[in-house]
Number of protein chains: 2
Amino acid sequence: MEPLKIRLDVNGMFTEFVGNDGISLTDIDRLGGKIKAATQAMEQKRTKMAWRDLPHNQANIVRDILAYAAEMRPKIKALVVLGIGGSALGPIAVQQAIHSPFYNLNEKLRGDNPQLFVADNIDPTTIADLLDMVDLRETLFSVVSKSGSTSETMAQFMIIKDILERKLGRDAARQHIVCTTDAENGNLIKIAKEEGYKTFYIPSGVGGRFSQLCPVGLLPAAFCSIDIEKMLAGAAYMDELCQNEDIWQNPAYMYAILHYIAMKKGKNISVMMPYADSLKYISDWYAQLWAESLGKKYDDNGNVVNVGQTPVKALGVTDQHSQVQLYVEGPYDKVMVFVGVDGFARDVPIPKSFEDVPSLGFLGGHSLAALLLAEQAATEYALLKSGRMNMTITLPEVNEFTIGQILYMLEVATAYAGELLNIDAFDQPGVEEGKNATYAYFGRPGYKQKKAEMDAQPKKNPKYIV
Amino acid sequence: MEPLKIRLDVNGMFTEFVGNDGISLTDIDRLGGKIKAATQAMEQKRTKMAWRDLPHNQANIVRDILAYAAEMRPKIKALVVLGIGGSALGPIAVQQAIHSPFYNLNEKLRGDNPQLFVADNIDPTTIADLLDMVDLRETLFSVVSKSGSTSETMAQFMIIKDILERKLGRDAARQHIVCTTDAENGNLIKIAKEEGYKTFYIPSGVGGRFSQLCPVGLLPAAFCSIDIEKMLAGAAYMDELCQNEDIWQNPAYMYAILHYIAMKKGKNISVMMPYADSLKYISDWYAQLWAESLGKKYDDNGNVVNVGQTPVKALGVTDQHSQVQLYVEGPYDKVMVFVGVDGFARDVPIPKSFEDVPSLGFLGGHSLAALLLAEQAATEYALLKSGRMNMTITLPEVNEFTIGQILYMLEVATAYAGELLNIDAFDQPGVEEGKNATYAYFGRPGYKQKKAEMDAQPKKNPKYIV
């Protein structure tokens, strides 16, 4: 049987469909040399992109995760992930894709699975409410930080370790903490070894935003009975497609090339608009991947370039009533990416009623799925008609295999776009300034000079506070 | 006692703080005539902006809402809002601002209040799961559509009316439906009268995205024990401030003027980044308000202008690990709006531990609130240092009075920005094409020509489907 393949339809990017503002085959031909160089670079650098091998080299790790989940699941009612950025966005996206939005709320939908909470912020009210709500004796806290020095996650960890030890005793507390971190470097692995916490590893060469297919994403998914082997199989299948040097057969390369040309044509915004609640948080995950990877000051030759496309998250059909007015009539500054499905797990018929009321009668006899799909097609049509570049990724159905594909495709597309832009898609130097300023505010030793620099800022003008 | 006033700090928009890319007083002076004209227009058109009077003219309506909520609350465990766009975004934003994110999940946090669900999409899986979950006998469905012809909301209504009548009988079903719609026009008011549903009205001149302070927002808030009188009082207080002709004393005008100048300087993106989980959905609400109001093809003289700034939703501190790399290093194409608080309802101390580990020890003895506020200041500093325009709205605390203020301030700012841009901030002609295409796909009588037009599109090229 043919594997269930996701499709990337880029018709709406071309002049034939959107007129003058579109892309022509000549635009692509002109990039010939750049495309060849980027394609070669992807092959040559593959060994340095450890995340590319995650679909292939984790048989033992998957076994370990499944065994640990099987052992722990009967003991817990809630899994709380302490993580931020890539440690949170991937787990949330996959959980929402596979399970109902009412999973935490409804035991019937959840079955024997634990509730899943992802504590990806340090809002004190939220954390306090969460800790009041869960029963510590039946809760497992999963601490995720590659460096072991992520302030937000480590502050949460310090708080929770203290509470667990005070309430359950130090020995029992150990059974309620699992760490996912670097195998050798950083504080968290040291602490985990000293305390005897169960530990999983983030391979070196796998950065936060490329970590969903390593234990960062696999562990919480396994606890919620998401088939992680099937997700990795989907990614492995996509990896095959993404090795095709023919860009017309390689969805990731095509995605990147068309976005790159669009950027050169002034489209500094990348909107992702899924048409399914299950896919809503894929665009949150993508927003980090695309923004943090491609938003860079310097190119590989040290020139100041200040590149990057700003990701925007939308949701169909909901945001037709919020954002589509702007997309259709506003500036020609966007690439739209719809993410659709061929079918839904459940459908709801719309009964025939009010047949004499023109604006209601036509709805009866159809179903919500049919209405949603018609509205997606209609929005695509409206964008085409107003000359707006758009493309559509379609999942034949939403399951672990197709989710593995879309995640992996977008990761490869991001790396390939980095090559086309001639920037480093894997670092994030721009966040250092904010980290250092936080350290300085908190009086961390070694940051006096930074504090002095900050204090030397011009004083705020009270006239400018309205 | 002085009222608890929100503050708008715009220091970070000016050249003194962000260098060459900032705004100078000369930029504002040059706009003198335009500012004067816009200010006059706001005063002259005030009577046409019915939403401006909502803080002042609803004493009877508030009484009716509170009486109805008091009568119904003991009978229900869940309130399900059927609404999309402005009918959903305001209620969600206010609910999240006042109540815990775990409100639906935790009876202790909820007290005697009903669960609140806002069905703002037609994803069939979500709707089916929701209908399975709630007990119809203890659920009230609130149908919100001004025109009574919003396909999504009306399809939901048709489904739910049918189920309620089949399960509870037609008489009992009536007690489970409340409608908020136009007092005279449209199908919903007709149906409501025929069926005898309880009804609240959306005043004419109040469009969806400006409707949070009318029954659209007041009704669900009242059911969840949110103090709607205090929210209206906050809006009324802000209305006073927003009538000041001195732009340096008028936060809404200042907000609009600086954004307008920024747009003219090529900032086509408006990022709103609250630093509190409670304020997260204010940026969703704002995204509709700003996008749909200002994203326009034509100006008031009929010239094609294709204006509009694209709103981006971010959340502090979470998105420091997702978007801030791009904000600091990417293109100079954004205005950042932080929304912060002076304090939180609860705080969590970080215990002193790991004092010998430099990257952890400095955290101990502080609290999560202190860490969050330091990170907000640090991010602001990092943006200033990299020359990025930013401003900050600060709520002294999050309550109904301050939420009323920020909602009203942003509404007035949006209307004023519309005047500066010389466009109609209150229509949305760009969504018609998509609606008509949906009707055509569904074979609605009268849309054959549209269907023919759509069928005449160029055929998709299979080569472009990867």
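Tutor: Fine. This is a predicted model. Take B:Tyr260, which is found in helix 13 of chain B, residues 251-264.

Student: Is B:Tyr260 buried or exposed?

Tutor: B:Tyr260 is buried, because its relative accessibility is 6% and the cut-off for buried is under 20%.

Student: What does B:Tyr260 touch, leaving out residues up to four places away in sequence?

Tutor: B:Tyr260 touches B:Leu31, B:Lys34, B:Leu420 and B:Leu421.

Student: And B:Leu54, how many Å from B:Tyr260?

Tutor: The C-alpha atoms of B:Tyr260 and B:Leu54 are separated by 26 Å. Along the chain, the two residues are 206 apart.

Student: Switching to chain A. Where is A:Ser386?

Tutor: A:Ser386 sits in a loop of chain A, between helix 17 (368-385) and strand 12 (390-395).

Student: Buried or exposed?

Tutor: A:Ser386 is buried, with a relative accessible area of 16%. Its contacts, not counting residues up to four places away in sequence, are A:Val328 and A:Tyr332.

Student: How many Å separate the C-alpha atoms of A:Ser386 and A:Pro114?

Tutor: They are separated by 47 Å, and the residues are 272 apart along the chain.

Student: Now A:Glu16. Which helix is that in?

Tutor: Helix 1 of chain A, residues 15-18. A:Glu16 has 43% relative accessibility, so it counts as partly exposed.

Student: Which residues does A:Glu16 touch?

Tutor: With residues up to four places away in sequence left out, A:Glu16 touches B:Pro458 and B:Tyr464.

Student: What about B:Gly316 to B:Val317?

Tutor: The peptide bond from B:Gly316 to B:Val317 is cis, and omega is near -5°. B:Val317 is placed in the loop of chain B between strand 10 (310-313) and helix 15 (324-329).

Student: What is the phi of A:Asn306?

Tutor: Phi of A:Asn306 is positive, about 45°, although the residue is not a glycine. In chain B, B:Asn306 has a positive phi near 45°.

Student: Is A:Asn306 buried or exposed?

Tutor: A:Asn306 is buried, at a relative accessible area of 16%. B:Asn306 counts as buried at 16% relative accessibility.

Student: Let's zoom out. How many helices and strands in chain A?

Tutor: Chain A has 20 helices and 12 strands. Its radius of gyration is 24 Å, close to the 23 Å that the globule rule gives for 466 residues, so chain A is as compact as a globular protein of that length. Along the principal axes, the C-alpha atoms fill a box of roughly 65 × 60 × 60 Å.

Student: What share of chain A is made up of buried residues?

Tutor: Buried residues make up 66% of the 466 residues. Chain A exposes about 16,400 Å², with carbon and sulfur atoms supplying 48% of that area.

Student: And contacts between residues 24 or more positions apart, what percentage?

Tutor: Those account for 75% of the contacts in chain A with a separation of 6 or more.

Student: Last one: how many positive and negative side chains in chain A?

Tutor: There are 47 positive and 56 negative side chains, and the centres of the two sets lie 6 Å apart.

Definitions and conventions:
Residues numbered from 1 in each chain as written. Chains lettered and ligands numbered in written order. Predicted model: local features only at pLDDT ≥ 70, side-chain atom pairs only at ≥ 80, totals over all residues. Heavy atoms only, no water. Helix = DSSP H or I, 4+ residues; strand = E, 2+ residues; numbered from the N terminus. Rg over C-alpha atoms; globule rule 2.2 N^0.38 Å. Buried < 20%, exposed > 50% of the residue type's maximum accessible area, 1.4 Å probe, protein only. Contact = heavy atoms within 4.5 Å. Areas by Shrake-Rupley, 256 points an atom, 1.4 Å probe, with all protein chains shown as cover. Lys, Arg positive; Asp, Glu negative; His and termini not counted. Charge placed at Lys NZ, Arg CZ, Asp CG, Glu CD.
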